[in-house]
Amino acid sequence: MNKTELLALRKEAIPRGVFNLSDCIVESAKGAIIKDIDGNEWIDFSGGIGVLNAGHCHEKVVNAIKEQVDKLIHSCFHVSMYEGYIKLADKLNQITPGDFKKKTMLANSGAEAVDNAIKIARQFTGRPGILCFDNAFHGRTYMGMSLTSKVTPYKKGFGPLMNDIYRIPFPNAYRLSENNQAKANIIALNALKKTFKDTCDPETIAAIIYEPIQGEGGFIHADEAFYRELRQLTESYGILTIIDEIQTGFGRTGKMFASEYFNIDFDIIILAKSMASGMPISAITGKDKIMDASQIGGLGGTYGGNPLACAAALATIEVLEENLLDRANAIGEKIHATFKRFEKDSPYVGNVRGVGAMMAFELVEDKESKKPATDLTTKLASYCRENNLSMITAGTYSNVVRILVPFTVSDDILERGLDIIEKGLKKL
Ligand SMILES: Cc1ncc(COP(=O)(O)O)c(C=O)c1O
């Protein structure tokens, strides 16, 4: 079928709520290049929303999947076990931060990891409440959606949502008039203390869940001091910490996990996206006693930790460990320097932020008012797509340009992609 026919059939066959950011129909992809069915090459700065840190179709990952596919596609781990699940759980217990004994369960998607982490935390503590931040994104299941901050499109009309969820402000320094992180931290911690006074009893809270760098929220992060004080305060009430590294994990920040960058002390960490280069899998890794709180049969699912996905994950982790973290840092430095130039040259680039290769800039109508420039961002994203650069936005006001380029991108392709963004900015 040609592109026109496929687009017409897509309209007939698939609901509009299943969104498409472009009309690109992919035929194949390698590294950081996507080829569409008309033979056009696209530079990929989206990585399938942060899934392709190790690149599209990395040879070692492809070979691992091919080797596995001839042996076993599915048995359901609960019915009969297989090596891949056990080896991957052990590997994740080893490579995730935290000097304590861990256990890991595997699931299929990021949102499913969120749901399971909350189930485990509630069961371990015997408490119902969950704390989360504004600007957060935790997925599209009922629990994920309830913990997510943005109403449209994620929550509008889908209620009733889950209860016993309390949202507190995230310390977004840029949104203060003086852009001061220490002050933002104090405001956020005071808001949490107030929540414990006027909204919920901290001793009914099972866990706080947060992203070390908010992904869909616009690549906003606090600093080590904030995360430390947050932990001290919540832990003093017996509240567990669940770190959502679904978007930040597997090298995006130049370290395997963003928690290492900020020295975050947690009880449970949840992982997905770039763990398996596109095979659907997620993980919930936590302190062994917490992970063992559930009764036998309380945790699981038909496909969780599918053999092909486990093989892809083990190969992806190997590839990342070999040499890709240094590359992530090098890419991040290049993107950061370029975005800083944009900030200097463009009246609309209000803030550049991120860690490692998780870089973004925020577009504002003017640098004084900092009013989010949603329309300009949409225009810039359209310009990029018209020029075959796959680039996605973020932020509650959809006014943040975020980069999730594969680390296997060549310097030349990286520069070509950044040039397209620069030309688009100049046209605004
Ligand atoms: C931080 C974070 N948590 C959870 C999710 C949900 O993951 P999934 O789309 O695999 O359900 C996402 C997806 O973008 C995410 O970025």
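Which helix does asparagine 185 lie in? It sits in helix α7 (residues 181-198), where helices are DSSP runs of H or I with at least four residues, numbered from the N terminus.

A note on the model: this is a predicted one, where local features need pLDDT of at least 70 and side-chain atom pairs count only at pLDDT 80 or more, while totals for chains, interfaces and linings use all residues. Residues are numbered from 1 along each chain as its sequence is written, and side-chain values use heavy atoms, with hydrogens and water left out.

**View 1. Asparagine 185 is buried.** Its relative accessible area is 6%; buried means under 20% (1.4 Å probe, protein chains only). Skipping neighbours within four places in sequence, Asn185 is in contact with Pro171, Ala222, Asp223 and Phe226, contact being heavy atoms within 4.5 Å.

**View 2. The largest nonpolar core has 121 residues.** Such a core is a set of buried Ala, Val, Leu, Ile, Met, Phe, Trp, Tyr and Cys residues joined through side-chain atoms within 4.5 Å. Leu92, Phe250, Ile270, Ile284 and Phe361 touch the most other members.

**View 3. Phenylalanine 361 and its contacts.** Again leaving out neighbours within four places in sequence, Phe361 is in contact with residues including Phe339, Phe342, Val349, Leu380, Ile421 and Leu425. Asn351 and Asn399 are on its contact list too.

Technical notes. Buried < 20%, exposed > 50% of the residue type's maximum accessible area, 1.4 Å probe, protein only. Helix = DSSP H or I, 4+ residues; strand = E, 2+ residues; numbered from the N terminus.
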